[in-house]
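Open the model in a viewer and keep the selection tool at hand. The stops below are given in the order in which to select them.

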Amino acid sequence: MKGKRTLGLVAATSGLALTLAACGSSGDSDETDSSATAGGGSEASAGSATIWVTAGTDSVLEASIADWNSAGNGELEMQVFENDPYKQKLRTAVSAGEGPAIFSGWGGGGLAEYVNEGAVESLQAALDAEPELRDRIFPAVLSGGTVDGEIYGVPLNGVQPVVFYINQPVLDDAGVAVPTTWDELMAAVPVLQEAGVAPVSIGGASKWPYLMWIAYLTDRVGGPEVFDAVVAGEPDAWMDPAIIEAASMIQDLVEAGGFVDGFSAVDANQGAAEALVYTGKAAMQLQGAWAYSGTYLTAAEDFVTSGDMTWSTFPAVEGGAGDASNVTGNLSSYFSITADSTDEEKATATDWLLHGVMSDDYIDDLMDTGAVPPISGLEDKLAETSAPEWNEFVYSSAEDAGNFQLSWDQALDAVQADALLNNLEKVFLLEITPEEFAANLNEVAQQG
């Protein structure tokens with residue numbers, strides 16, 4: 001998934017503008033100049049390190065880097081890039097041995113590609129040496145930065161599971177309870193239609209919102225092992241009956257009129273899908289936690305603060321193998337260290353990642369932005385935030401998840417992710433059968 005779901009809630013700028021270190025780059029026109037100089041940690045790690053992040057990740061990193069630099073034990077410089085060109089720019093720089101010392105990413109398949117190329121430094125030994133830091137990170141989130149049992153990325157911002165946003169007065173007026181099972185959701189469709197509202201809003205023009213449905217339904221029907229096999233590249237993994245059944249259930253919902261009319265033309269990146277919910281034209285929306293503060297709170301504050309907006313987990317599938325506590329979404333964005341960095345840069349980078357990122361001050365600043373850090377033991381702090389019920393819901397959903405599946409397009413390599421989006425759109429538009437969907441993706445996987 002992409003667009004507003006880019007997990008940036010953090011970032012940086014500061015006083016001394018540095019030229020990029022030996023492993024860095026001077027930056028291009030797509031870059032937003034945001035640099036910070038440095039020092040903090042220990043004398044052993046004193047040195048410089050460059051940091052690349054995507055746009056929208058500014059305020060918390062800004063404070064962290066400024067504090068770290070003022071401590072005098074090293075120099076950190078950060079550069080911020082727009083999301084769309086970032087991946088290619090990073091890929092080009094890292095492949096040429098000119099990447100930054102520290103870079104942000106989304107874990108999953110993208111990180112695995114860098115690891116397989118030997119382009120990323122392992123953080124396992126450093127974290128094993130300080131288990132109290134390692135063990136406070138939610139295991140499901142830390143797994144997103146882990147490849148073949150080795151940690152290569154640590155979380156840098158809030159956890160964002162995908163949830164149902166609900167216009168509670170719309171459901172109440174129609175006499176519909178919040179669906180807790182798939183059968184209840186399907187039964188609510190004609191009742192809501194009769195009441196003159198669309199059951200579910202979705203931004204189909206952007207394609208990536210479709211992923212949330214196939215991910216949850218595959219999990220609920222077959223359990224997390226089904227997609228794990230896909231990620232692992234097991235033969236014919238895409239042909240698993242649970243994937244075919246999930247695609248079939250999506251088409252059942254489409255054919256029943258479960259989605260808003262013209263859903264394939266609704267732009268998810270402009271908040272149009274959320275607007276249909278808070279204006280009462282649709283009853284529900286399946287979307288990431290990023291939509292709470294990113295769209296609902298900013299565009300319709302009264303709807304949120306009045307209690308008209310409620311939320312829920314994805315419905316269970318009766319008879320399915322998946323645990324109803326399982327969630328999908330964005331575990332976090334991750335910081336990793338490039339293998340081509342100098343020893344001095346690696347020492348500085350590692351020190352900051354362990355002792356600056358997700359420090360107490362960093363966590364407090366994150367929570368002030370509305371983010372929910374994937375760190376255990378924050379219950380008391382969450383209770384004191386401006387939206388305690390929401391934050392506690394997100395926190396418990398992530399911490400208590402039997403499995404937290406990274407968004408499918410981020411978990412897969414770029415070729416499979418592109419094929420997935422294109423074929424999934426055809427499923428929603430009823431242009432291919434569930435069997436064809438599975439076969440098409442299986443073919444792409446075999447070619448890889």
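**Two loops and a helix pair**

Select Asp 236 in the loop that joins helix 10 (225-231) to helix 11 (241-255); helices (H or I, at least four residues) and strands (E, at least two) are DSSP runs, numbered from the N terminus. This is a predicted model, in which local features need pLDDT of at least 70 and side-chain atom pairs pLDDT 80 or more, while totals for chains, interfaces and linings use all residues. Residues are numbered from 1 along each chain as its sequence is written, and side-chain values use heavy atoms, without hydrogens and water.

Asp 236 is not a glycine, yet its phi is positive, about 60 degrees. Most residues other than glycine have a negative phi. With 42% relative accessibility, Asp 236 is partly exposed (between buried, under 20% relative accessible area, and exposed, over 50%; 1.4 Å probe, protein chains only).

Next, select Lys 207, in the loop between strand 9 (198-201) and helix 9 (209-222). Lys 207 also has a positive phi, near 65 degrees. Its relative accessibility is 22%, so Lys 207 counts as partly exposed.

Finally, show helix 20 (residues 414-428) with helix 21 (residues 434-447): they pack at about 170 degrees with axes 10 Å apart. Helix 20 is therefore roughly antiparallel to helix 21 (an angle over 145 degrees). To display the contact (heavy atoms within 4.5 Å), pick residues including Leu 420 and Leu 424 of helix 20 and Phe 437 and Val 444 of helix 21.

Notes. Axes are lines fitted to C-alpha atoms, for helices over the stretch in contact, and angles run from 0 to 180 degrees between N-to-C directions. Angles under 35 degrees count as roughly parallel, over 145 as roughly antiparallel, 65 to 115 as roughly perpendicular and the rest as oblique.
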